[in-house]
Amino acid sequence: MNRIRIILVVAVLGLLRGSVLPVVAQSDPKAAMEAINYVIRHVRPSTGAEPLAEELCKRFKKHPEVTMAIGEAFYQAGDSLTAKKYFRRAIQEHPDYAPVYIAAGAWAEERYNAYDEAMEWYDQAIKANPKDSTGYIRYAKVLTKLRRPAEAADKIKEITQYVPEFPVNKEIARIYANLGQLSEAIDFYAKENLDNLDSEDLKDYATDLFLKHQYKESLEVAKFGVGKFPKLAPLSRLCLYNSVELKEFKDAVKHGDYLFTKTEKHNNTWQDLYYMALACKGANEPSRALTWFEQCTKAKDISERERNESYRSIARIYKDMGEYDQASEAYDRLYQLQKAENNVSAQDINMHARLFLEQSTEVNGEEVYECYRKANRLYELLAQESPDNAPLAYHAIMQNFQRMDPNFEQKLAIEPANRLINLLKGKSDLSDTEKRLLADGYWTLCYNQAITRPLYRGIVKKWGEEILKLNPADERPKRIFVTLKIQYP
């Protein structure tokens with residue numbers, strides 16, 4: 001048990017047994033304040049500590065901080081009436097002692113939300129010691145709570161009559177920052193010398209600039225902050241974020257490495273992981289980017305949107321590396337999560353299918369057809385999960401089957417063409433895109449008939465005329481009609 005604790009325990013025992021204070025507490029104001037604070041917090045009811053409090057007030061009558069500490073101790077113990085009694089006593093005995101007015105104002109402000117009374121007390125503190133900034137700042141904070149920032153700023157400026165060098169711009173910036181008025185906060189921070197800003201100011205200033213998309217300026221403030229407070233994570237974090245936004249990816253990686261290895265222990269947010277992944281990706285370090293994106297997907301605080309984007313990024317990186325199986329696996333993991341949330345993304349299904357179409361251009365033989373089959377299975381999923389996109393899905397399946405079976409020997413494209421036509425043919429007010437899809441469906445049937453059973457010209461003409469109804473300028477049926485000597489409008 002340390003020395004102070006021994007003193008406090010002895011004080012409590014002394015009170016309860018009716019004995020005098022220990023020697024140290026009788027002669028040292030600080031030790032006395034420690035002792036009475038401990039007593040008031042542990043004696044119930046707290047008024048039982050008043051005899052000791054009275055003894056201390058008399059013994060340390062020339063030390064208003066002791067009387068004020070007694071009042072604060074009663075306040076913390078929940079005994080507001082007794083607290084007020086000692087605040088008033090301190091004021092009566094030492095009317096020029098500004099801190100007691102501050103304590104009384106804080107009591108009124110925090111205990112009862114009595115803002116007008118609190119401002120009166122803070123005004124008294126200013127009159128007691130106009131060179132002490134505490135009264136001005138506390139008064140301004142009340143005005144800030146009341147959303148009167150201009151008045152708060154004017155109150156802060158009053159101190160310059162007595163302390164011309166006081167950093168008023170910093171205090172005014174804090175007022176606007178607390179109200180979320182970022183532009184105003186930035187303007188006042190910009191007027192202040194950076195050396196006058198503490199770590200919280202620098203973090204807030206750089207953050208406000210970042211939120212206003214002033215990335216270059218934010219980076220400059222954050223880098224200054226890192227130089228002044230090299231162990232604080234928030235400033236290094238902003239260096240990472242801003243560098244990524246400025247596409248200075250190599251510098252971003254350096255800032256990120258510093259954040260994760262050199263700053264004080266802190267909880268990494270999903271944004272930290274995500275920006276580090278973006279930095280590594282932009283710096284052409286795909287392996288590291290994959291590692292960071294994987295960590296993002298596991299972060300407990302990550303949003304669904306950013307988690308999904310992390311999986312998409314993983315898929316894109318693997319695709320760029322030519323690792324199509326791993327890219328496909330990333331999409332599959334994404335679907336599992338989306339299905340559990342009943343929110344499968346049509347865009348993700350489409351991008352996954354396009355992945356196989358891209359892979360088909362880099363393989364040969366049967367592997368090409370397998371890529372088409374995989375893509376078609378995904379387009380079937382797209383039609384199932386997103387009926388609004390079913391026409392596009394069937395159109396894509398139809399085109400892939402045409403690539404697999406260009407001469408219609410297996411007639412693979414016929415079924416999806418019919419499904420596409422059935423979806424759109426009875427729909428009124430077709431969009432231009434829908435007209436194009438429907439025309440392609442009819443063309444598939446027309447061309448199949450023309451090359452497999454050209455003697456059945458009536459059927460060829462039937463499908464060709466359907467195309468021309470949708471687009472009279474379409475040249476495809478006209479060429480077939482000329483070749484087969486079919487009369488057309």
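Analyst: In this predicted model, helices H22 and H23 are roughly antiparallel to each other, because their axes cross at roughly 165 degrees and angles over 145 degrees count as roughly antiparallel. H22 covers residues 366-385 and H23 covers residues 390-404, and their axes come within 8 Å. The crossing in which H22 passes H23 is left-handed.

On the H22 side, the contact is made by Tyr369, Tyr372, Arg373, Ala375, Asn376, Tyr379, Glu380, Leu382 and Ala383. H23 contributes Ala390, Ala393, Tyr394, Ala396, Ile397, Asn400, Phe401, Arg403 and Met404. Sorted by class, the residues in this contact are 13 nonpolar, 2 polar and 3 charged.

Elsewhere in the chain, the loop between helix H20 (324-340) and helix H21 (346-360) holds Asn342. Asn342 has a phi near 55 degrees, a positive value in a residue other than glycine. With a relative accessible area of 72%, Asn342 is exposed. His94, by contrast, counts as buried at 19% relative accessibility. His94 lies in the loop between helix H6 (80-93) and helix H7 (98-112). Leaving aside residues up to four places away in sequence, His94 touches Lys61, Lys62, His63 and Pro64.

Methods: Residues numbered from 1 in each chain as written. Predicted model: local features only at pLDDT ≥ 70, side-chain atom pairs only at ≥ 80, totals over all residues. Heavy atoms only, no water. Axes fitted to C-alpha atoms, helices over the stretch in contact; angles between N-to-C directions. Helix = DSSP H or I, 4+ residues; strand = E, 2+ residues; numbered from the N terminus. Parallel < 35°, antiparallel > 145°, perpendicular 65-115°, else oblique. Left-handed = near helix turned anticlockwise from the far one by under 90°. Contact = heavy atoms within 4.5 Å. Nonpolar A, V, L, I, M, F, W, Y, C, P; charged D, E, K, R; others polar. Buried < 20%, exposed > 50% of the residue type's maximum accessible area, 1.4 Å probe, protein only.
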